[in-house]
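Open the model in your viewer and keep the selection tool at hand. The tour goes stop by stop.

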Amino acid sequence: MKARIQWAGEAMFLGESGSGHVVVMDGPPENGGRNLGVRPMEMLLLGLGGCSNFDVVSILKKSRQAVESCEAFLEAERADEDPKVFTKIHLRFVVKGRGLKDAQVKRAVELSAEKYCSASIMLGRAGVEISHDYEIVELG
């Protein structure tokens, strides 16, 4: 896997993924940015959420659950001193569908956390306390 990050002036950077997609990262005005893109640490959090949510949806589909929507809400705490690493991250999944089985949703979240989500497992091994929970919303 490869990526390229190009400085675009002031505190803005363009990140290009190995698959050819570009994202804008920028800092806040108090750090010389113009607030025109996500912060790099936000990007890391978004990556974790995307990785975990991808797993949960894939596992639920493979187990033939009628999932229609899955949102992951993440809350992170960071160290007060530099380096301001993540210390805790909580992921809350809101899974919507018809006839979803609690045991299947619980299993999907656990499998993502313990076996499949490379981002989550990597951050956990680096000392970040990661927790998960979920809510099922029955669609009528």
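Is Arg 98 buried, exposed or partly exposed? Arg 98 counts as partly exposed, because its relative accessibility is 40%. The cut-offs are under 20% relative accessible area for buried and over 50% for exposed, with partly exposed in between (1.4 Å probe, protein chains only).

Before moving on, note how to read the model. It is predicted: local features need pLDDT of at least 70, side-chain atom pairs count only at pLDDT 80 or more, and totals for chains, interfaces and linings use all residues. Residues are numbered from 1 along each chain as its sequence is written, and side-chain values use heavy atoms, with hydrogens and water left out.

**Stop 1**

A salt bridge here is a side-chain nitrogen of Lys or Arg within 4 Å of a carboxyl oxygen of Asp or Glu. Strands (E, at least two residues) and helices (H or I, at least four) are DSSP runs, numbered from the N terminus.

Next, select Arg 92 and Glu 135. Their closest N and O atoms are 3.2 Å apart, in another salt bridge. Glu 135 is in strand β6 and Arg 92 in strand β5, so the pair ties together parts 43 residues apart in sequence. Glu 135 counts as partly exposed at 33% relative accessibility. Arg 92 is partly exposed too, with a relative accessible area of 29%. Arg 92, Asp 133 and Glu 135 are linked in a network of salt bridges.

**Stop 2: the loop pair**

How many salt bridges does a search of the whole structure find? The search finds 5. For one of them, select Glu 10 and Arg 34, whose closest N and O atoms are 3.2 Å apart. Glu 10 is in the loop between β1 (3-7) and β2 (12-17), while Arg 34 is in the loop between β3 (22-26) and α1. They are 24 residues apart. Glu 10 counts as exposed at 54% relative accessibility. Arg 34, at 42%, counts as partly exposed.

**Stop 3: the two domains**

Colour residues 1-36 as domain 1 and 38-136 as domain 2. These bounds come from an automatic or database domain assignment. The domain centres, taken over C-alpha atoms, are 24 Å apart. Zoom in on the interface. There, 7 residues of domain 1 are in contact (heavy atoms within 4.5 Å) with 4 residues of domain 2.

**Stop 4: the helices**

Select Ser 112 in helix α2 (residues 102-116). Ser 112 counts as buried, because its relative accessibility is 2%. Beyond its neighbours within four places in sequence, Ser 112 is in contact with Ser 52, Asp 55, Val 56, Ile 59 and Cys 117.

Move on to helix α3 (residues 118-125). Which residues are buried in helix α3? Select Ala 119, Ser 120, Ile 121 and Leu 123. Their cover includes α1 (40-62), β5 (86-98), α2 and β6 (129-138). Finish at Gly 127, which follows α3 and has a positive phi, near 105°.
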